[in-house]
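Morning, everyone. Please have a look at the structure on the screen, and then I'll walk you through it.

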Amino acid sequence: MTATLTLAGTIGYYLLRSDIIAEASAERTELVLEYQDHIDRLRTEIEILTSRQMVDRETVEIQVMDVLRRQQGLNQRHAIVAELVARAENAGIYLSDGKPLPPQKPSIDARGLTSLDGDDTTAIGGESELIDEPVKALGLRDSSNRTFDPLTILRQPISGEAGMPQDLKKNLEKQAALDAVKADISEMDVESTAAVDAITVSTESRIEDILGITRKITPGVNAALRKHTFIGGPFQPITEENFPDRLQRANAALTALRRVRFTALRLPVKRPVRIGSVSSSYGPRVDPFLGRLAMHTGIDFKAPYGARVFATAPGTILSAGRHGGYGKMVEIRHANGFVTRYAHLSRLQVSEGDHVLAGDPIGNVGSTGRSTGPHLHYEIRRHDKPNNPAAFLSAGDRLAELSL
């Protein structure tokens, strides 16, 4: 019995031991598989996070490159606007930091239009100051000082609320910095376009002023200028796409102003004497020697004997000497078929063939020829037909107010 029990126990032990070992082995295998599965899940999450970070970084880098491209374009645009401002100043267009046009213009009573001659200064105001740096005065900031290195944004320090994931903090700060730069660049885009529009409005207004002043004295020349300087039209809303069109309009306006200004400055509109008063106007009058009605083809300026006489426009001396009842006379040929005469001089300071500019002295007041006393007889002729000098002198005074 003892032997039988011992044998049975031994056999049972080995049988149970084999089951225990098999069960333990199965448990270890299951545990290893669970760990392996967990490790695989972690690896997958790491790969997803890594991929997401790479995509985020690539997105930020793409945005940075886009901002750099826009900033480079803005630098070029500012250089163009600065050059345009310089051209405008050379043409006499000085911009202030105010708006070029009021939001709404007052209406005019139609019954009062007949009394307006276009130079009414009773309804304007404000004070003007010359601007040393028009670009800054117009609100255009110097974009060259706003350049940035992409690494400044890509490597900026991490900060934010506690508990927020570091990657999320970094991405949010990068995006916020990029958004701020983009907004700044967009604002400067609008500013540069507004500056171009201000130049255009001021230049076109100046052209219209000059043409309006010279229309009565040179209708033919004025019509030709208007035909070749067609400008104007409504402005479209500001967009990045229409900036080249606005720039082209500003350049066209400045080119037109140069042509109009060049023509206006060659008209005989300056005053021939600095001192003196009108003693006889243009038109019919009683001849002082014959006592009969006669046509006076110029204006007489009573002035002290020897007072200097000046050319009223650039031109070439046609003649300088005695000329019948005109006494000592200077005759100057100007552009567009105009000729001016300066008679009864006491002394001549130019000779035939000389070239003179507006304001150059050509002689002195005297009383030679058919004259009752020291004065200057001044005539303006075009194609040998006399014109009333008073209209030209009035136009000259108005043009002088434009600082041509």
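Which residues line the largest cavity? They are Ile210, Thr214, Thr218, Val221, Asn222, Leu225, Val260, Thr263, Ala264 and Leu267. A cavity here is a set of points on a 1 Å grid over the protein atoms alone, where a 1.4 Å probe fits but cannot get out, and lining residues have an atom within 4 Å of a point. The largest cavity holds about 40 Å³ of space. Helix H4 (166–214), helix H5 (219–228) and helix H6 (243–264) each supply at least two residues of its lining. Helices are DSSP runs of H or I, at least four residues, and strands are runs of E, at least two.

Quick note on the source. This is a predicted model: local features need pLDDT of at least 70, side-chain atom pairs count only at pLDDT 80 or more, and totals for chains, interfaces and linings use all residues. Residues are numbered from 1 along each chain as its sequence is written, and side-chain values use heavy atoms, with hydrogens and water left out.

Next, the second largest pocket. A pocket is an open set of points with protein on both sides within 12 Å along at least five of seven lines. About 430 Å³ of space lies in this one. Its lining has 23 residues, and closest to the centre are Arg285, His296, Asp300, His344 and Arg370.

Last, salt bridges. Side chains of opposite charge can pair when their charged atoms come close. We count a Lys or Arg side-chain nitrogen within 4 Å of an Asp or Glu carboxyl oxygen. That gives eight. In one, Arg249 pairs with Glu204, with the closest N and O atoms 2.9 Å apart. Arg249 is in helix H6 and Glu204 in helix H4, 45 residues apart.

Terms used
Points joined across faces, edges and corners; volume = space filled by probe spheres on them.
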